[in-house]
Amino acid sequence: MCVSAMITATELRSFAGHFATGVAVVTTQSPEGELCGVTINAVTSLSLDPPLFLICLDHKSNTLGALLASGHFGLHFLSRDQTEISKVFASKRADKFEQVEHSIGDSGSPLISGVLAAAECKLSEICPGGDHTIIIGEVEKVHVHGGEPLLFHRGAYAALEGERMVA
């Protein structure tokens, strides 16, 4: 039985929207020197040994081709005050880095300033995943700054409120 034939894309999006996620940006630099980036929330830690992260990029993403050609990418977790940066990288603007403070990391990928944390990754594996490409990256370097995360829940940006739960 094929589950995808039983539900619509709208129904699946509604279901998935009930899972709160962090907001991340993936960046890379093409072999020609073009800086590319896209906002995502399909990201997960995959392995500690070796250190791997998994991201998913839409086949139509301009960043996908540059990432596959360059073989490296930056993975950024946005802080609660970086909603505008998320919106810039979610857009189809050609000049995404023009007003976003950044530097170039050791890997050659752009690193966005002010994020909670960033990782420099090299492309390890790619897998098909419906209308997305699943990318597994080996983490080569991390930059951890801390702070409060920007979240996405039910189609809107959100932030943590109040006291944290104690386990």
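## Cysteines and strand pairing

The whole structure holds zero disulfides, a disulfide being a pair of cysteine sulfur atoms within 2.5 Å. This is a predicted model: local features need pLDDT of at least 70, side-chain atom pairs count only at pLDDT 80 or more, and totals for chains, interfaces and linings use all residues. Residues are numbered from 1 along each chain as its sequence is written, and side-chain values use heavy atoms, without hydrogens and water.

Buried means under 20% relative accessible area, exposed over 50%, partly exposed in between (1.4 Å probe, protein chains only).

Strands are DSSP runs of E, at least two residues, numbered from the N terminus. Two strands pair if DSSP finds at least two bridges between them.

Strand S2 (residues 24-29) has five of its six residues buried. Six bridges join S2 to antiparallel S3 (residues 35-40). Glutamine 29 faces leucine 35 there. Five residues separate S2 and S3 in a hairpin, and glycine 33 in the turn has a positive phi of about 95°. S2 also pairs antiparallel with S6 (residues 72-77), through four bridges. Valine 25 has histidine 76 as its bridge partner in S6.

An open, antiparallel sheet of three strands runs S1-S11-S12. S1 (21-22) and S12 (156-159) are the edges; each has a single partner strand, so one side of each lacks a neighbour in the sheet. Four bridges link S11 (residues 150-153) to S12, with leucine 151 opposite alanine 158.
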